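Subject: Structure handover

Hello,

Here is the structure I said I would pass on. Please open it beside this email, and then read the notes below in order.

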Amino acid sequence: MAVEEVYKLTSDLIKIKSITPVQDSGLLEASEFIRDWLKDKGFNPEVKEFYKGFPVVIASNKKEPLKLLLNGHFDVVPVGDLSKWSDDPFSGKIIEDKIFGRGATDMKGGLAVQMVTFAELADKVNYGIVFTAVPDEEIGGDKGSKILAEKYKPEVVLIAEPSTSTSMNVAEKGLFQVKLVAKGKSAHGSLPSLGENAIMKVVEDLKSLAKISEVKINIPDELNEVIKDTLEILKSQDVLRISFNPGVIRGGSKINMVPDYCEVEVDMRLPPGISSKEAENILKELVKNCEYEFLDISEPNFTSPNTKYVKILEDSISKVLGVRPRKYMTTGATDGRFFRQKGIPTIVYGPGELGVAHSYNEFISFKELRNAYEVYKDFMLKL
Ligand SMILES: [Zn+2]
């Protein structure tokens with residue numbers, strides 16, 4: 001096998017429409033394709049549905065001790081406005097040294113890298129490797145990686161989400177997504193003093209809750225270098241604080257009525273250094289007029305940059321690519337949190353182009369795929 005196999009596999013995977021959240025999308029087809037590909041290479045992969053309709057592919061080299069769990073997702077986000085694509089989003093077309101299509105960067109390219117390196121090295125190494133491919137990362141991950149994190153206890157997990165081949169992600173912010181609900185009293189819009197305006201209640205609470213971003217967070221010292229790199233990459237002070245974004249608001253029915261109901265969904269992200277419980281206590285202080293409920297919550301999490309697996313991967317990246325590897329924190333959530341919650345060192349490292357995940361005309365370059373392929377091989381042989 002060689003790197004050309006990675007290119008072909010990436011293209012083939014893109015051609016399968018495995019979209020979430022879409023009913024009857026190609027999740028099963030994708031899982032069977034991955035299973036058959038691994039079977040062809042002499043493995044005994046299984047497709048397991050821990051939840052009906054959400055197939056997870058698992059293959060192992062059946063050696064002990066289990067050191068490495070490889071993980072990737074084969075679901076992709078919807079294509080959005082078709083007219084903004086210059087070609088069929090599922091063409092998998094190769095033009096010069098780029099492969100185009102939904103999921104190229106996030107993350108069928110990374111999945112292909114893991115499949116090929118697993119197939120190449122599983123028999124050569126003297127430790128256990130499990131390869132896993134999940135169908136639901138883009139919709140929360142609780143039907144795939146969450147279950148895998150309960151089943152397996154590897155020494156280290158590598159997730160091939162697009163960190164780009166010269167960087168790895170060792171930390172991520174926690175989700176703190178909340179719905180505020182205000183109830184008021186209806187009245188004629190010309191006599192508002194006779195009612196209670198639910199929209200205004202939400203407006204006041206939003207202004208107050210926005211102050212959550214001013215709370216000083218003590219990010220653990222061992223992340224100093226990670227935070228420095230992250231600020232350089234993302235160029236936003238949101239990295240350091242609880243970010244605050246009201247994303248959806250609903251309320252009122254007519255201009256001449258005092259609204260008696262209003263709700264708003266607020267997306268906040270917690271840096272390491274504050275727990276969701278502590279954030280909730282702050283929220284309780286700031287929100288006066290609304291009730292609140294949680295939409296999605298996860299704790300901020302990280303793998304210490306000082307663990308030996310991070311060092312080994314750093315060595316591989318600098319040796320193979322001749323660059324200083326950057327370690328950063330992602331502001332989004334990945335399946336990495338499920339493994340880190342179980343205390344398993346977890347590194348997100350995979351090929352990809354910056355800023356093209358989830359966007360139109362998504363692509364991945366041969367160079368990124370080749371880089372990640374070589375680094376994965378080097379890492380696996382050193383482990
Ligand atoms: Zn992804």
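At what angle do helix α8 and α10 pack, and how far apart are their axes? Keep in mind that this is a predicted model. Helix α8 covers residues 308-321, and its angle with α10 is about 130°, with the two axes 9 Å apart. That angle makes α8 oblique to α10. The crossing of the two helices, α8 and α10, is right-handed. On the α8 side, the residues that meet α10 are Ile312, Leu313, Ser316, Ile317, Lys319, Val320 and Leu321. On the α10 side they are Asn371, Glu374, Val375, Asp378, Phe379 and Lys382. Sorted by class, this contact of α8 with α10 has 7 nonpolar, 2 polar and 4 charged residues.

Helix α10 (residues 366-382) also packs with helix α1 (residues 3-14). Here the angle is about 125° and the axes are 10 Å apart. The contact is made by Val3, Val6, Tyr7 and Thr10 from α1, together with Phe366, Leu369, Arg370 and Tyr373 from α10. By class, the contact of α1 with α10 has 6 nonpolar, 1 polar and 1 charged residues.

Helix α1 lies across β4, β5 and β16, and runs at about 15° to β5. These strands form an open sheet of 3 strands in the order β4-β5-β16, with antiparallel pairing. Its edge strands are β4 (94-95) and β16 (363-365), each of which pairs on one side only. Strand β5 (residues 98-100) is joined to β16 by 3 bridges in the antiparallel sense. In one of these pairings, lysine 98 has serine 365 of β16 as its bridge partner.

There is another open sheet, of 4 strands, in the order β10-β11-β9-β12. Its pairing is antiparallel as well. Which strands stand at the edges of this sheet? They are β10 and β12 (291-297). Each has a single partner strand, so one side of each is left without a neighbour in the sheet. From one strand to the next, the twist averages 20°.

Helix α5 (residues 198-209) packs on this sheet and touches β9, β10 and β11. The direction of α5 makes about 15° with that of β11. Helix α7 (residues 276-286) lies across β9, β11 and β12, and runs at about 30° to β9.

Two of the strand pairs can be followed residue by residue. Strand β9 (residues 174-183) and strand β11 (residues 261-270) run antiparallel and are joined by 10 bridges. In this pair, leucine 180 stands opposite valine 264 in β11. Strand β10 (residues 243-251) is also antiparallel to β11, with 8 bridges between them. Here asparagine 245 has aspartate 267 of β11 as its bridge partner.

Last, the domains. The protein is divided into domain 1 (3-172 + 300-382) and domain 2 (174-297). Taken over C-alpha atoms, the centres of domain 1 and domain 2 are 33 Å apart. How many residues does each domain give to the contact? Domain 1 gives 13 residues and domain 2 gives 17 residues. On the side of domain 1 that touches domain 2, the elements that give two or more residues are β8 (167-172) and β14 (326-330). The largest share of that side, 4 residues, comes from β14. By class, the side of domain 1 that touches domain 2 has 8 nonpolar, 3 polar and 2 charged residues.

Regards

Terms used
Residues numbered from 1 in each chain as written. Predicted model: local features only at pLDDT ≥ 70, side-chain atom pairs only at ≥ 80, totals over all residues. Pairing = 2+ DSSP bridges. Axes fitted to C-alpha atoms, helices over the stretch in contact; angles between N-to-C directions. Contact = placed C-beta atoms within 7 Å. Nonpolar A, V, L, I, M, F, W, Y, C, P; charged D, E, K, R; others polar. Domains from an automatic or database assignment. Parallel < 35°, antiparallel > 145°, perpendicular 65-115°, else oblique. Left-handed = near helix turned anticlockwise from the far one by under 90°.
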